[in-house]
Amino acid sequence: MRKLFTIVLALVALTPFATAQQPVDWTTPITPFQIADNLYYVGSRDLASYLIVTPQGDILINANLESSPPLLRASVEKLGFHWADIRILLNGQAHFDHVAGAAEVVRETHAKVETMEYDAALMESGGRADFAAVSDGITPYTPVHVDRVLHDGDKITLGNVTLIAHKTAGHTRGCTTFTFQVHVPGEPVGRLRNVVILGGFAPLSGYRLVNTPGHPASYPGIAADFEKTFATLHALHCAIFLGAHGVYFDMLDKLTLLPMHGPSVWIDPDGYRKTIAAAESTFQKMLVKQQTTAAAQ
């Protein structure tokens, strides 16, 4: 449990704006791998990107950094798939470290971009519409046209795959968690597992969670959004736990077990529940601290 709190606190400290000291794991390649029958990891050692393969083309979740598309393409092709077969591009959150590569992915593949409300405007502004955009050191990115604006509970269907987009706002106003079902190699035919891919769940250290008009890192209802997000995440049925960062779900540690245990290492409902509980606890402490400070002023 202590490790979970350490991870959550580290994520709270991360800023989507500073580029001078990006973590090395954001750009370090890793051998792509299979998670389920039609679900593959094609990201770096920490910036996660997922390929979902269908008979009618493929879905890519997260385009990552501006420098990431060559890495993503190499991973897709190393798995034996075709970059040009990507039909839909999704994202879990519209901070630069997850979407700055979107414009290039679209240019190369002609994929349709489907993004949650609020984050759609953020992507089309190249990050400038972020509620924290006036913060120092913001990292803008190349704007990208959004073909479909998603809303909470919308379905994304391609071929034989349907994902549900859950609005889990707070980290960004349109932060999104995707759920869908997959078959895990080696399990009985017909048995399906619920996948949860977290877009983001922690307030950054500079966020203002109490009502402070004009604060550069806040928006009306931000605390309520986080509270609704945690309620949503607690209600989801999760078997395979994934996220926008590998650190969310202990990816590197689980990869060391993959040769011995196979794809079952990704089945981690307990890890999901503990991670969400730890993140919610961190959020509540941050909220109470800011409320106490505001009351004393």
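**Sheet, helix packing and nonpolar cores of the predicted model**

Residue N62 lies in the loop between β4 and α2, where helices (H or I, at least four residues) and strands (E, at least two) are DSSP runs numbered from the N terminus. The structure is a predicted model, in which local features need pLDDT of at least 70 and side-chain atom pairs count only at pLDDT 80 or more, whereas totals for chains, interfaces and linings use all residues. Residues are numbered from 1 along each chain as its sequence is written, and side-chain values use heavy atoms, with hydrogens and water left out. The phi angle of N62 is near 85°, a positive value in a residue other than glycine. With a relative accessibility of 1%, N62 counts as buried (buried means under 20% relative accessible area, exposed over 50%, and partly exposed in between, with a 1.4 Å probe and protein chains only). A positive phi, near 65°, is also found for H110, likewise a residue other than glycine, which is placed in the loop between α4 and β6; H110, however, is exposed, its relative accessible area being 63%.

The strands form an open sheet of seven, in the order β1-β2-β3-β4-β5-β6-β7 and with mixed pairing, two strands being paired if DSSP finds at least two bridges between them. Its edge strands, each pairing on one side only, are β1 (33-36) and β7 (148-150), and the twist from one strand to the next averages 25°. Angles run from 0 to 180 degrees between N-to-C directions, and axes are lines fitted to C-alpha atoms, for helices over the stretch in contact.

In helix α2 (residues 69-78), the residues P69, L71, L72, S75 and V76 are buried. Seen down the axis of α2, these buried residues fall within an arc of 160°, so they line one face of the helix, the arc being that of the directions from the helix axis to the C-beta atoms. This buried set packs against β3 (50-54), β4 and α4, while P70 and K78, on the other side of α2, are exposed. Just after α2, G80 adopts a positive phi of about 95°.

A nonpolar core is defined as a set of buried Ala, Val, Leu, Ile, Met, Phe, Trp, Tyr and Cys residues joined through side-chain atoms within 4.5 Å. The largest such core comprises 62 residues, of which L39, Y50 and L163 touch the most other members, and its largest share, six residues, comes from helix α8 (residues 269-296). Residues up to four places away in sequence being left aside, the contacts of Y50 include I35, L39, I59, I61, I197, L242 and F249. Apart from this core lies another, of 29 residues, among them V76, V99, A100 and A111.

Technical notes: Contact means heavy atoms within 4.5 Å.
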